[in-house]
Amino acid sequence: MLILVVEPEKLPEAREITGSLQEMQEIVGGMIQVLYPFPGEEIALVCNDEGKLLGLELNRGLRDGIGNLYDIICGTFFLCGAPVGSDEFSGLTPQQMKRMELRFHTPEIFVGMGGRIICLPME
C-alpha cells in the first residue's frame, strides 16, 4: 500500500509498504497510535504511541479548522487510507497523497515563547 512518511526536519516521502504491523512499528520506531485528525477524510495518521513520553523530536503541528495549533506529533509518522467501515488500512489515493503532501510539505520548528508554543516553517 502507498503511504506518505513524514520525518522531522525532512520533506514527506511516498513509500510502498506491505502494511504489516511490524513494518508500521519500524517506521514510527515503536508501538503505533492511530489518529483521525482530518474530519471528512478517510485518512489515518499513524505515529509512535509514546512519542512524547520518549522525547522524540517534534515533527509537525496539527491544526483545527481555523488554523489553530492543537497538538504536535513527535517522531516519524505516516499517513494512509482508512476506509469507513473497514478495520484495515489502505493506500492513499493520488488525490489524498497530493493533499497530504501539500499539508505536511514544509518541515516545522517549535519555539517556547511567553508560555506558548510557536510553530514556524523551516526554510
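**Terms and their grounds**

Modeller: The accessible surface of the protein comes to about 7300 Å², and 55% of that area belongs to carbon and sulfur atoms. Please bear in mind that this is a predicted model.

Colleague: What makes the protein as compact as a globular protein of its length?

Modeller: The protein contains two helices and nine strands, and from the N terminus on its elements run β-β-α-β-β-β-β-β-α-β-β. Its radius of gyration is 14 Å, and the globule rule gives 14 Å for 123 residues; the two values are close, so the protein is as compact as a globular protein of that length. The C-alpha trace spans about 45 × 30 × 25 Å along its principal axes. Of the contacts with a separation of 6 or more, 50% are accounted for by residues 24 or more positions apart.

Colleague: How do you know which strands pair in the open sheet, and what makes β2 and β3 its edge strands?

Modeller: Pairing requires at least two bridges between two strands. Strands β1 (residues 2-6) and β7 (residues 77-81) are joined by three bridges and run antiparallel, so by the criterion of at least two bridges they count as a pair. Within this pair, V6 has F77 of β7 as its bridge partner. The open sheet has five strands in the order β2-β1-β7-β4-β3, with antiparallel pairing. Strands β2 (13-16) and β3 (32-35) each pair on one side only, and they are the edge strands. On average, neighbouring strands of this sheet are turned by 30 degrees against each other, direction ignored.

Colleague: What joins β8 to β9, and how many residues lie between the strands of their hairpin?

Modeller: Six bridges join β8 (residues 108-113) to β9 (residues 116-121), and the two strands run antiparallel. M113 stands opposite R116 in β9. The hairpin has two residues between its strands, and G114 there takes a positive phi near 60 degrees.

Colleague: Why do you say that the buried residues of α1 line one face of the helix?

Modeller: A residue is called buried when its relative accessible area is under 20%. In α1 (residues 21-28), the buried residues are M24, I27 and V28. Seen down the axis of α1, they fall within an arc of 85 degrees, so they line one face of the helix. An α-helix has 3.6 residues a turn, so residues three or four places apart point the same way. The buried residues of α1 pack against β1, β2, β3, β4 and β7. On the other side of α1, Q22 and E26 are exposed, a term that requires over 50%. G29 follows α1 and has a positive phi, near 80 degrees.

Colleague: Which residues of α2 are buried, and why are they said to line one face?

Modeller: Q96, M97 and M100 are buried in α2. Their arc, seen down the axis of α2, is within 100 degrees, so these residues line one face of the helix. The exposed residues P94, Q95, K98 and L102 are carried on the face turned away from the buried side of α2. Among the elements that cover the buried residues of α2 are β1, β2, β4 and β7.

Colleague: What share of the protein is buried overall?

Modeller: Buried residues make up 36% of the 123 residues.

How values were computed. Residues are numbered from 1 along each chain as its sequence is written. This is a predicted model: local features need pLDDT of at least 70, side-chain atom pairs count only at pLDDT 80 or more; totals for chains, interfaces and linings use all residues. Side-chain values use heavy atoms; hydrogens and water are left out. Helices (H or I, at least four residues) and strands (E, at least two) are DSSP runs, numbered from the N terminus. Axes are lines fitted to C-alpha atoms, for helices over the stretch in contact, and angles run from 0 to 180 degrees between N-to-C directions. Buried means under 20% relative accessible area, exposed over 50%, partly exposed in between (1.4 Å probe, protein chains only). The arc is that of the directions from the helix axis to the C-beta atoms. Contact means heavy atoms within 4.5 Å. The radius of gyration is taken over C-alpha atoms; the globule rule is 2.2 Å times the number of residues to the power 0.38. Accessible areas come from the Shrake-Rupley method with a 1.4 Å probe; for residues, only the protein chains shown count as cover.
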